[in-house]
Amino acid sequence: MNDAYQYDLKAHDTDTPIDWVCLLAILGAKYGGDFKNYKSADMDTIAGKILNKESTLEELTQDMKYYDYYNEAYHAVLGGFVGEYQLPGADTEKQYGLKAFSPIAKGFPYTDYDDFGSSRSFGYRRQHLGHDMMGQIGTPIIAVESGYVECLGWNRYGGWRIGIRSFDQKRYYYYAHLRQNFPYNKSLKEGSLVTAGDVIGYMGHTGYSDKENVNNIDIIHLHFGLQLIFDESQKDGNGEIWISCYELARFLSQNRSETVKDESTKEWHRVQEMIDPAVEEYAGREASAEKEM
C-alpha cells in the first residue's frame, strides 16, 4: 500500500496522475488478490509506464479480466484514505495526501498481530471479524476516516462501542470494548459528524456481558473493525462483509493523531485540526435537505 501511495503523491499535480488504488487493483488482478508474493518491481514497472507516458491506465487494464472487480473492491475499502484537506492557520492552501489516521493516538503504545478469523466463543462459536490492538486503559481512540456516528452505546459482545459510517456509505468503522464509565468523547451522539483524526473514545475492556458497563474482557484492547456495505441489506445479517484490518493498521501507523488532555474535563483532544472537504460537503447537503423539508 505504501509503495502505491508514494507513487500517487509523486504523480499528483502532474500531467500523469496516478490513483494509488488503481495501481493496487492492477496488481490485485495480476496476483489473483494474493499479495504474499508482492514484488516492488512489478509496481515500479506499471507506474513507470504511466509516468513516462509509455502507456495509460486504460491501455494497461483493457485486457485484464478481473481488474474492474478489484478496482471496485479496493476503492470500497480505501476510497476515503487519500485526498485533499486543509490545516487551519496562516497557510490555507489545500494539501494532498493521506488524510486517514491510525485508530490509536500518537505516543500511546500498543501491540497487535493478525488475528482476523480466530475463534471466539462468548454467546456462540464464531470468527473474530476485527483487529485487536492491545494497549493501556484510557488510550485515546481516533476516528480513522471522517463520517457520522451511526451507533453509540452498549452491546453485549463489544461492550461500550461506537460505529462510524463513511459519507459515501460504503464503510462502517466499529470501535469496541471502550473504557468503563468514560467510554466516549462526551460531545458525541448518534448523528454527530466527526473528522478523521478526532478523538472519539478511550480504550478499555468492557463487553461480554448483558449488563451494561461491565469489564468482562480479560485483555485491555481496542477491537477495530471495518465492514463494507454495498447494499443496506448487508448491514446486519448473513450478508455482512468484514475485512482484515491488520495491513490497514500497519499502513495507517504512519499517520497518528497527536492529542492533548484537558485536565478540567479529563477529555483528550487532537492538537492539529484538519479541514476535510468531505465533512463540509456532507454538512452542506444535510443543511439543504432540512431546508427543503
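This report covers the overall build of one protein chain and then a handful of its residues.

The model is predicted, so local features need pLDDT of at least 70, side-chain atom pairs count only at pLDDT 80 or more, and totals for chains, interfaces and linings use all residues. Residues are numbered from 1 along each chain as its sequence is written, and side-chain values use heavy atoms, with hydrogens and water left out.

## Overall build

The protein chain has 7 helices and 16 strands. Helices (H or I, at least four residues) and strands (E, at least two) are DSSP runs, numbered from the N terminus. The radius of gyration is 20 Å, close to the 19 Å that the globule rule gives for 293 residues, so the chain is as compact as a globular protein of that length. That radius is taken over C-alpha atoms, and the globule rule is 2.2 Å times the number of residues to the power 0.38. Along its principal axes the C-alpha trace spans about 60 × 50 × 45 Å.

Of the 293 residues, 49% are buried. Buried means under 20% relative accessible area, exposed means over 50%, and partly exposed lies in between (1.4 Å probe, protein chains only). Among contacts with a separation of 6 or more, 64% join residues 24 or more positions apart. A contact means heavy atoms within 4.5 Å.

The chain exposes about 14,900 Å², and carbon and sulfur atoms supply 47% of that area. Accessible areas come from the Shrake-Rupley method with a 1.4 Å probe; for residues, only the protein chains shown count as cover.

## Charge and cysteines

There are 30 positive and 45 negative side chains, and the centres of the two sets lie 6 Å apart. Lys and Arg count as positive and Asp and Glu as negative, while His and the chain ends are not counted. Each charge is placed at NZ of Lys, CZ of Arg, CG of Asp or CD of Glu.

The disulfide count is 0, where a disulfide is a pair of cysteine sulfur atoms within 2.5 Å. Cys151 is buried at 12% relative accessibility. Cys22 is buried too, at 9%.

## Selected residues

The table gives relative accessibility for some residues.

| Residue | Relative accessibility | Class |
|---|---|---|
| Thr16 | 11% | buried |
| Tyr208 | 22% | partly exposed |
| His269 | 34% | partly exposed |
| Gln6 | 38% | partly exposed |
| Lys53 | 55% | exposed |

Thr16 lies in the loop between helix 1 (2–11) and helix 2 (20–31). Leaving out residues up to four places away in sequence, Thr16 touches Ala11, Ile50, Leu51 and Lys53. Lys53 sits in the loop between helix 3 (40–51) and helix 4 (57–61). Its phi is near 60°, a positive value in a residue other than glycine.

Tyr208 also has a positive phi, near 55°. Tyr208 is in the loop between strand 12 (199–202) and strand 13 (221–228).

Gln6 belongs to helix 1. Gln6 and Glu280 are 274 residues apart in sequence and 27 Å apart in space, C-alpha to C-alpha.

His269 is part of strand 16 (residues 267–270). Beyond neighbours within four places in sequence, His269 contacts Asn185, Val199, Glu258, Thr259, Val260 and Asp262. His269 and Ser257 are 12 residues apart in sequence, and their C-alpha atoms are 9.4 Å apart in space.
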